[in-house]
Amino acid sequence: MERLKIGVIGTGNMGRNHVRNLASMQQFELVGIYDKNTEQARKVAAEYETKVFGTAEELLSQAAAVVIAVPSSLHKGYGLMAAELGVHALIEKPLATNSADARILADAFDSKGLKLAVGHIERFNPVIIELDKLLDNEQVFYIEVHRYSPFSGSGRITDTSVIEDLMIHDVDLVCHMMEPYQVTEIHGLGQGVRSGSTDFASCLLRFNGDAHAAIHASRVAQEKERSICAHTKNAVIFADMLGKNLTVTRNTDVVVDGVHSTSYRQNGTVERVFVPIQEPLRSELAAFYSAVARDEPVAVNGAVGIRAIEICEEVAKQAQQNSKEEKTA
């Protein structure tokens, strides 16, 4: 197996997790890391026995691929640098802070014949992988998603809305699960509760093929929740992403004859699906390796990243308009 030379730009929470996985995966040769915060980079490098580069350009000159795990506002700059230097990239979600910049990034990699993957990590959640398998044989007409988190009071909560922060995960998941159907209508509502931007939001997506989805996101909830409920023609499939479990309820309406002339009606069956234990980030990196080293299709490509951003932009726009209308009413 040919090892892929890879580097990591950004050693914050997510970047450090990438380094941890890459340092132990046989498919990769971790050539080093770069971060403007030199002290932080040195700590991470010492822990995982890798090299710290003085500039991003120096790192990219030694790598065939790179993970870009810096703040979203810096994705475009480092991404274009990687494309210019002929380096394949996995860029954390969102691909960019707006759809226009995301398209510029995607075009830059396409024009060079390079692989661009977007870090929508929930695609690689083992619960979602098993849910995808179940939906392959079902006709989905409605999906409802809840992604709730308690208020953290951290600095991050005030510099972006819950739509770009949390809802974008589920916008991507729902669009993926509804394929080949496409979004035809977008409706969004939201309000600020404890920060200067939207803290709670709801999104209704209508698809061709007579299907729709409702997505709810909150960062001011009392308890954490991550759930998806998919309604199909033959079943209701519930996925608990925190509890790592899947249940399938099917309506049977079967009459069973018992002994002594008695009978009973079986209204439904409940199936519990086994979910394997695996780290989503490790699976995401393995898929990126296959895309680059074996020229396989990218699971979450630039077009997919752009789609998620465009939908979230429209939801955010409508949420702001509705909030203004309520205040002036």
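Q: How do you know which element gives the largest share of the lining of the largest cavity?
A: Count residues by element in this predicted model: α8 supplies 4 residues of that lining, the largest share. The elements giving two or more residues are β5 (116–119) and α8 (280–293).

Q: What makes Gly119 part of the story of the largest cavity?
A: A lining residue has an atom within 4 Å of a cavity point, and Gly119 is on the list, along with residues including Leu90, Phe124, Glu284 and Val300.

Q: How do the residues of that lining divide into nonpolar, polar and charged?
A: They come to 10 nonpolar, 1 polar and 1 charged. Gly counts as polar and Glu as charged.

Q: Why is this space called a cavity?
A: Because a 1.4 Å probe fits there but cannot get out.

Q: Why is Thr247 called buried?
A: Buried means under 20% relative accessible area. Thr247 is at 14%, so it counts as buried. Thr247 sits in strand β12 (residues 245–257), and its contacts include Val236, Phe238 and Arg272. Across the chain, 50% of the 329 residues count as buried.

Definitions and conventions:
Residues numbered from 1 in each chain as written. Predicted model: local features only at pLDDT ≥ 70, side-chain atom pairs only at ≥ 80, totals over all residues. Heavy atoms only, no water. Buried < 20%, exposed > 50% of the residue type's maximum accessible area, 1.4 Å probe, protein only. Contact = heavy atoms within 4.5 Å. 1 Å grid on protein atoms, 1.4 Å probe; cavity = no way out; pocket = protein on both sides within 12 Å on 5 of 7 lines; lining within 4 Å. Lists of a residue's contacts leave out its neighbours within four places in sequence.
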